[in-house]
Each structure stands twice: as structure tokens, then as C-alpha cells.
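Subject: Structure handover

Dear colleague,

Here is the structure I promised to pass on. Please open it alongside this note, which goes through what was found.

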Amino acid sequence: GTDVTLTILRAGEEMSFTVTRCTVKTVVASGVMLPGNIGLVTIANFNTYCHKETMTAVDALREQGAQALIFDVRFNGGGYKRELVRLLDELLPDGPLFRSEYYTGEVEVDHSNASCLEIPMAVLINDQSISAAEFFAAALREYEWAVLVGSQTQGKGHYQETYLLSDGSAVGVSTGRYTTPKGVDLEGVGLTPDVVVEVDEETYFAIYAQTLDPMEDPQILAAIAALQAK
């Protein structure tokens, strides 16, 4: 609610703008119906509200008649472990969901209960599906709950902590690693889709900018075909 004046250097000229501070809430997950009673759920990240907004979108699509789901985690840079685990718990049956191994050697395993969502699923991934997005896709595939469509992911399996130094600088240090429910380390390896669909540069950036019609998206069309083949 307070004001701040920002001085901007634009094209060599200083300009001042007074703006009011406020909380900016972005949409984390949203859903849309596709032909063939297939629901598309786009998850931008696994930050706060991911679990809530994703399941709200899933429930709304099922009420509209969705008989299968596509989760789009392309260009999803990851987020909080707690949001990932809560969401996987809603989708998967009883069993391990996620493994954390700390630098001390301690291993923590998060589990799901028996309640789950039994509906055909596909997950869209690409080279910008990172960290939690990769583990989301990996868990669904390891349970044979979903088919993965798209392109190879990066493979980020370590997590970092930042330590401030006495001179005011800081250092980021990897202090542990994550693995899939079956204990697979994705670091530097990533995920290879079950259905590989590469796209050209123009299509890639149109997907990123969310300006491409879903029914003109080659990876979405491949996911639809994979679900229909089931």
C-alpha cells in the first residue's frame, strides 16, 4: 500500500515513475477442454497454490466431461517440494512419491495414500521442464499412470542453499539431491519422453508465449493421439 519512486534509464534518458506496492498473484495452473473429452491442465510452476489451483482445474474439467487429462509442464521451472508431493498424492495410489537425500546421508521418503485419480493421463515436457516438473512427470510414468510426450528435459536433481559471506557476497552450495519414487537420479540425465516430438524454433517460442492454438500444437496433438490409442 505504500508508494515508491523508480528512476528508469530508457534510451539514455532518465525517467521517474511512482508506483504503489502490492501483492501480485499470478495464475499457477489453469485448464481448458479439448476435443474428444480431453482436459488440458497447464501448470506454470510448483510454487504456492500449485496443488490447489491444479486440482481446481482438474475438478472443473471432469465436471465438464473430461475423460482423460493432459498435464502441460513445458517451460515449468520447478518450485516447492511440498506442492509437488501434495499434488502427486492426489493423483497416485499408495506408495513412495519422492525421495530426498541430504548431505548427511539421511534419506526422507514422501508417500501417497490409497486415494488416487484413475483416468488416462499424459504429461507434456521439454528442455525447460526443470526440477519439480521433471519429478512430477517421472513419478506419473513410474506408476504407469501417464505417457510422457515432447522433448528431452534438462535433468536437475540437486538442490541448493545460499550462504552469506562476511564481505557481503554469497555462495550457493548443493546440499542434497532428489530422486524419483524408484530412486532414479535425474541429475544431468533428465527424462526422455515416451513419444518424442520435436518442434521448430517458431513453434517453440509460440508455445512459450502461449500464443499457439492448442489444436495447432504438435506436442498436444501427439498427446491426444497417445491417449486415444489407449
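A residue is called buried here when its relative accessible area is under 20%, exposed when it is over 50%, and partly exposed in between, with a 1.4 Å probe and protein chains only. This is a predicted model, in which local features need pLDDT of at least 70 and side-chain atom pairs count only at pLDDT 80 or more, whereas totals for chains, interfaces and linings use all residues. Residues are numbered from 1 along each chain as its sequence is written, and side-chain values use heavy atoms, with hydrogens and water left out.

Aromatic residues. Rings of Phe, Tyr and Trp (for Trp, the six-membered ring) pair if their centres lie within 6.5 Å, and planes under 30 degrees apart count as stacked, over 60 as edge-to-face and the rest as tilted. By that rule the structure holds ten aromatic pairs. One of them joins Phe71 and Phe136, whose ring centres are 5.5 Å apart with planes at 80 degrees, so this pair is edge-to-face. It links distant parts of the chain, since Phe71 lies in strand β5 (residues 68-72) and Phe136, 65 residues away, in helix α3 (residues 132-142); helices (H or I, at least four residues) and strands (E, at least two) are DSSP runs numbered from the N terminus. Both Phe71 and Phe136 are buried. Phe75 and Tyr204 also make an edge-to-face pair, with centres 5.0 Å apart and planes at 70 degrees. Here Phe75 sits in the loop between β5 and α2, while Tyr204 is in helix α4 (residues 201-208), 129 residues apart.

Cysteines. With a disulfide taken as a pair of cysteine sulfur atoms within 2.5 Å, a search of the whole structure finds zero disulfides. The cysteine sulfur nearest to that of Cys50 belongs to Cys116 and is 19 Å away, too far for a bond. Cys50 is buried, at a relative accessible area of 0%, whereas Cys116, at 25%, counts as partly exposed.

Helix packing. Cys50 also belongs to α1, where Cys50, His51, Thr54 and Met55 meet Glu83, Arg86, Leu87, Glu90 and Leu91 of α2, contact meaning heavy atoms within 4.5 Å. By class, this contact of α1 with α2 has four nonpolar, two polar and three charged residues; Ala, Val, Leu, Ile, Met, Phe, Trp, Tyr, Cys and Pro count as nonpolar, Asp, Glu, Lys and Arg as charged, and the others, Gly among them, as polar.
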